[in-house]
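Subject: Structure handover

Hello,

The structure is placed below for you to look through. My notes on what was found in it follow.

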Amino acid sequence: MTNFDPESIHDVKGVPVHSVHRHDVVIVGAGLAGMRAAVEASAEFDVAVLSKVFPTRSHSGGAQGGIAASLANEEEDHWEWHMFDTVKGSDYLGDQDAIEIMVKEAPVVVREFEHMGCPFSRTREGRIAQRKFGGHTKDFGKGGPILRACYAADRTGHALLHTLYEVCVHNRVRFYPEFFALSLIVRDGVCRGLVAWDVIGGGVHVFHAKAVLFGTGGYGQVYRITSNALANSGDGLSLSLRAGLPLEDMEFVQFHPTGLYQSGILVSEAARGEGGYLTNDKGERFMERYAPQKMELAPRDLVSRSIQTEINEGRGIGGGPYVHCDLRHLGADKIMKLLPQIHELAWKFLHVDCIKEPIPIQPTAHYSMGGIPVDIDCRVLIDGKSKPVAGFYAAGECACVSVHGGNRLGTNSLLEASLFGRRAGKAIVRFLRETRDFPELPSDAADAAIAEVERVLSAGGSESVGAIRTELKDKMSAGCGIFRDGGKLEKLAGELRGLEKRFRNIKIDDRSEKFNYDLLEAIELGHMFDFVELIVAGALKRQESRGAHSRTDFPDRDDEKWLRHTLAWKRGEKVEFDYKPVTITRFQPKTRTY
Amino acid sequence: MAMITFRINRYNPDDERRGHYVQEYALDVCKGCTVLDALNQIKWEQDGSLTFRRSCRSGICGSCAMTIKGVNRLACETQVLALKSPNVTVEPMRGYPDIKDLVVSLDPLVRGLLAVRPYLITKTPPPSDQERLQSPEERARLDGLYECILCGACTSSCPSFWADKEYIGPHAFLKAYRFVADSRDEGSREHLEALDDKHGLWRCHTIFNCVEACPKDLNPTRAIGELKKELVRQRIG
């Protein structure tokens with residue numbers, strides 16, 4: 001535990017003394033990455049977890065199908081097979097040193113969850129049950145789909161998230177629920193803590209820390225159709241950019257093939273893993289034409305492109321923008337036992353009984369492969385390549401290690417979040433053992449955050465935050481969705497600049513400090529503008545098609561020029577780029593077919 | 001499409017004198033529109049000061065529990081047109097301290113939860129390099145228990161909680177039973193310790209409000225019955 005030394009409390013301008021907190025570690029985000037790190041570090045140090053929502057409301061809980069590990073509980077499996085599938089799934093953009101670590105440690109991480117109490121479904125022998133998922137195969141892709149996804153019915157994310165919360169409660173982790181991070185304090189290459197807003201009580205707080213971990217999740221809310229929660233506005237990415245740090249591979253956005261029609265709510269890949277079909281208006285299993293071997297269990301980028309192609313060519317249901325996910329042949333027993341949540345969601349949101357009718361689905365913005373560049377110990381890299389920021393870590397969806405490269409396989413995200421959360425926790429423990437003193441806290445640490453809140457609360461313009469956000473989402477979906485081209489991207493970049501100009505002239509209805517989501521939504525929209533520019537600029541620069549980044553004007557993968565990671569910074573009004581090579585160890589890039 | 005009037009119970013903590021009041025918003029609602037969609041549309045297009053919690057939009061995070069037409073529900077999975085009424089009243093859940101508009105304090109919910117030691121308690125170390133075994137039948141006992149999303153709808157609907165703010169609450173009893181029923185757990189006594197108390201299990205009068213209120217169709221009353229049996233067993237044994 002920290003020795004409390006009143007002499008060393010630093011005054012921060014504009015923040016009352018009782019709102020300056022001090023913890024060895026401050027974690028932002030209470031999803032799988034943040035809480036897994038908290039479990040690890042709380043055994044030895046004073047850990048605080050801030051979350052913009054109550055911890056169990058984090059969006060990791062929305063994950064359904066499973067967490068990958070080559071446990072071989074159901075059939076032969078090896079980490080080398082899992083590694084090959086992940087590398088191929090990434091379209092060879094994943095860094096193979098990081099992938100190797102992930103697939104090797106996966107069984108340990110999953111078994112630890114079991115030891116913590118996670119209610120996994122079980123095999124006849126009482127072991128953790130495993131199911132099939134897209135892109136996971138036997139024998140280096142030569143065999144069929146493999147039983148590798150460890151699951152708790154189709155509520156795996158919920159089960160893991162609540163288990164971690166329970167262990168955090170046991171370990172007496174200090175939670176600050178409904179605290180919203182406003183800015184990161186990085187000076188001279190050293191992270192010194194962060195500034196946050198107390199949502200319930202109102203007011204700016206400063207968290208002085210030796211180490212900060214971001215597990216802030218994704219940003220699906222910048223798209224019109226998304227599986228993501230309303231809270232997923234990519235805040236951590238923006239805070240990192242504003243601290244002068246780069247983002248990596250932001251042009252790689254995953255569209256999940258099966259979102260419920262119109263709402264985009266997730267229908268787990270487990271639906272197809274358990275045998276569900278995708279059919280078009282003619283009743284054809286159209287995946288035959290796109291992935292004759294793996295069919296519906298091809299990776300997500302390919303399946304989403306196939307669905308979108310069917311829709312674009314007029315073979316959506318009734319010519320409309322959706323196709324069918326058909327589970328009827330699985331039968332009521334299997335559906336209610338293995339896919340109960342899907343049954344519930346289809347019924348509650350579309351009034352479709354999937355035992356008797358096919359589910360209308362469309363691709364939905366789901367996951368960010370890119371993010372804050374980190375090394376294999378989750379240390380954030382100031383140059384994106386090798387130089388860490390002292391005391392700043394990131395893990396989970398907000399980070400880019402990169403294990404997913406151009407396209408993430410299903411069930412690898414719960415794995416990545418918990419596994420790298422755990423690694424981050426261990427790395428932070430090692431760092432803290434060597435770090436006796438708190439870094440100096442500059443007295444102007446909260447200036448920018450205070451100014452931002454005041455600017456919004458006193459906004460006197462005429463533009464509505466809601467209307468601008470809706471336009472941003474529509475334009476991102478139209479211009480930077482599954483299929484992209486240079487012309488559309490350039491047009492989109494211009495439109496986003498226009499929208500951002502309007503954003504400077506917003507109005508606000510709620511000027512109070514207590515529980516003011518009007519304020520939060522305005523700040524979140526500011527975050528979105530920061531990083532969508534990088535998604536679009538990165539997509540424009542990358543003149544090839546790889547993984548989820550599909551350029552109709554450059555339909556082929558170009559390893560000669562583009563087998564490299566994008567790094568992008570914001571410098572004033574400009575986006576600056578740099579690139580770094582992909583780490584290739586075991587598997588040389590090959591043509592990718594399924 | 002139908003024009004629906006939302007009668008929303010509002011409260012601004014900065015204006016205690018005004019206290020609670022009802023404000024009406026009219027909205028054209030189409031098929032498929034949930035109460036959360038409607039609240040968002042009101043907030044984004046009519047009145048940005050309207051305040052409510054929300055996140056996942058799909059009934060899994062538990063943020064948006066509120067009282068809709070007198071019943072505790074999740075706004076995100078309640079279809080407006082299925083309520084079959086041109087007027088829809090929306091109120092904060094009862095029993096919890098008010099924060100603002102539809103937002104209530106979850107502190108009593110968390111306090112109750114912590115009382116039952118809501119984590120797996122084991123005394124035997126787990127096997128190294130493998131999972132503990134649990135048969136599918138043993139695992140099936142957790143169905144209907146582990147799905148709780150901690151939305152608070154059950155406890156807010158419970159008369160015992162209305163009468164006693166220290167009452168631990170059905171959500172916490174359900175959680176306690178989730179562990180007591182787990183073949184891997186070796187801490188029944190610890191989970192139950194706080195429940196054998198004047199704010200605990202014996203204050204449940206099996207009114208079944210919690211069962212009715214649960215948006216996930218779980219059954220805290222059954223869990224309470226099982227826990228009472230377990231307590232009696234422990235006392236005799």
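Confidence and conventions

Chain B has an average pLDDT of 96, pLDDT being the predictor's confidence in each residue on a scale from 0 to 100, and 100% of the chain B residues score at least 70. For the model, ipTM is 0.98 and pTM is 0.97. This is a predicted model, in which local features need pLDDT of at least 70 and side-chain atom pairs count only at pLDDT 80 or more, while totals for chains, interfaces and linings use all residues. Residues are numbered from 1 along each chain as its sequence is written, chains are lettered from A and ligands numbered from 1 in the order in which they are written, and side-chain values use heavy atoms, with hydrogens and water left out.

Chain A against chain B

The interface brings 62 residues of chain A into contact with 62 residues of chain B, where contact means heavy atoms within 4.5 Å. About 5100 Å² is buried between chain A and chain B, and carbon and sulfur atoms give 50% of that area. Buried area here is the accessible area (1.4 Å probe) that two parts lose on being put together, summed over both. On the chain A side, the residues that lose the most area to chain B are R57(A), H115(A) and L230(A), which together make up 15% of what that side buries.

Between chain A and chain B there are 13 salt bridges, a salt bridge being a side-chain nitrogen of Lys or Arg within 4 Å of a carboxyl oxygen of Asp or Glu. In one salt bridge, K348(A) pairs with E77(B), and the closest N and O atoms are 2.9 Å apart. The rule also finds 38 residue pairs in polar contact across the interface of chain A and chain B, both residues at pLDDT 80 or more. A polar contact is a pair of N or O atoms within 3.5 Å; within protein, one must be able to donate a hydrogen and the other to accept it, and residues adjacent in sequence count only if both atoms are side-chain atoms.

Which elements give two or more residues to the side of chain A that touches chain B? They are α3 (96–116), α4 (156–170), α10 (340–350), α13 (465–479) and α15 (517–541) of chain A. Helices (H or I, at least four residues) and strands (E, at least two) are DSSP runs, numbered from the N terminus. With seven residues, α4(A) gives the most to the side of chain A that touches chain B. By class, the residues of that side are 20 nonpolar, 23 polar and 19 charged. Ala, Val, Leu, Ile, Met, Phe, Trp, Tyr, Cys and Pro count as nonpolar, Asp, Glu, Lys and Arg as charged, and the others, Gly among them, as polar.

The two domains of chain B

Chain B is divided into domain 1 (2–104) and domain 2 (107–235), with bounds from an automatic or database domain assignment. Taken over C-alpha atoms, the centres of domain 1 and domain 2 of chain B are 29 Å apart. Domain 1 of chain B gives 13 residues to the contact and domain 2 of chain B gives 15 residues. The area buried between these domains is about 1100 Å², 57% of it from carbon and sulfur atoms. N72(B), G95(B) and Y96(B) supply 44% of the area that domain 1 of chain B buries against domain 2 of chain B, more than any other three residues.

Across this domain interface the rule finds one salt bridge and eight residue pairs in polar contact, both residues at pLDDT 80 or more. E77(B), which forms a salt bridge with K348(A), also forms a salt bridge with K216(B), the closest N and O atoms being 3.3 Å apart.

Other local features

Over all chains, the structure holds 83 salt bridges. One of them joins E40(A) and K426(A), with the closest N and O atoms 3.0 Å apart. This pair links distant parts of the chain, 386 residues apart: E40(A) is in helix α1 (residues 32–41) and K426(A) in helix α11 (residues 412–433) of chain A.

The peptide bond from V401(A) to S402(A) is cis, with omega near 5°. K84(B), in the loop between β4 (71–74) and β5 (87–91) of chain B, has a positive phi of about 50° although it is not a glycine.

Regards
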